[in-house]
Amino acid sequence: LAQASGSLSWWCNSDSTTDDSMARSGLLTTVVLAISAFCALRAFVPPADAPNAALRGSAVAASAAVAAASSALPAGAADEYLNYNMTGEYTPFMIIGYFGLTTFLTAFAFGSYLILTKLKII
């Protein structure tokens, strides 16, 4: 018992070395937090200055482009060449695809389960 208590003396010992290591640990944590905060603040770039705004185009040119693009296509024009399925309506392709895929994946999972239980893996 004396040997066991002697081996745990480092746990109960309140030397100054323990206090120094704890202080260094706190200092290291503070330095890491300061560096991460500095990097996080540098991630936000300030807005562009007025001279650089010309590179993005003027408001007049942007409004002219929007007007030209909106006059070229009538509202709700259907695409005659491409059947686009993401318009919010259900299509036979989506319904067959859903039930076909879920049925196949269920059969695959059940078959895998049967094989693994027959081989006594699970």
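Where does Ile-122 lie? Ile-122 is in the segment after helix 5.

The model is predicted, so local features need pLDDT of at least 70 and side-chain atom pairs count only at pLDDT 80 or more, while totals for chains, interfaces and linings use all residues. Residues are numbered from 1 along each chain as its sequence is written, and side-chain values use heavy atoms, with hydrogens and water left out.

**View 1. Elements and confidence of the predicted protein.** The protein has 5 helices and 0 strands, in the order α-α-α-α-α from the N terminus. Helices (H or I, at least four residues) and strands (E, at least two) are DSSP runs, numbered from the N terminus. The mean pLDDT, the predictor's confidence in each residue from 0 to 100, is 74 for the protein, and 51% of the residues score at least 70. Confidence is lowest in helix 1 (residues 2-7), with a mean of 53, and highest in helix 5, at 95. Of the 122 residues, 2% count as buried (under 20% relative accessible area; exposed is over 50% and partly exposed in between, with a 1.4 Å probe and protein chains only). The protein exposes about 11,400 Å², of which carbon and sulfur atoms supply 71%; accessible areas come from the Shrake-Rupley method with a 1.4 Å probe, and for residues only the protein chains shown count as cover.

**View 2. Aromatic pairs.** Rings of Phe, Tyr and Trp (its six-membered ring) pair if their centres lie within 6.5 Å; planes under 30 degrees apart count as stacked, over 60 as edge-to-face and the rest as tilted. By this rule there are 2 aromatic pairs. The ring centres of Tyr-98 and Phe-99 are 5.0 Å apart and the planes stand at 75°, so this pair is edge-to-face. Tyr-98 and Phe-99 are both exposed. Phe-104 and Phe-108 form a stacked pair, at 6.4 Å centre to centre with 25° between the planes. Phe-104 and Phe-108 are separated by about one helical turn because they are 4 residues apart in helix 5 (residues 92-118). Phe-104 has a relative accessible area of 54% and is exposed; Phe-108 is likewise exposed, at 54%.

**View 3. Span of helix 5.** The expected span of a helix is 1.5 Å times one less than its number of residues. For the 27 residues of helix 5 this gives 39 Å, which agrees with the 39 Å between its end C-alpha atoms.

View 4. Lys-120 is in the segment after helix 5. Its phi is near 55°, a positive value in a residue other than glycine. Lys-120 counts as exposed, at 73% relative accessibility. Phe-110, Tyr-113, Leu-114, Ile-115, Leu-116, Leu-119, Ile-121 and Ile-122 make a nonpolar surface patch of about 830 Å². Patches consist of residues with over 30% relative accessible area and no salt bridge, with like charges joined within 9 Å and nonpolar side chains (Val, Leu, Ile, Met, Phe, Trp, Tyr) within 5 Å; a salt bridge is a side-chain nitrogen of Lys or Arg within 4 Å of a carboxyl oxygen of Asp or Glu. Ile-122 is exposed, with a relative accessible area of 60%.
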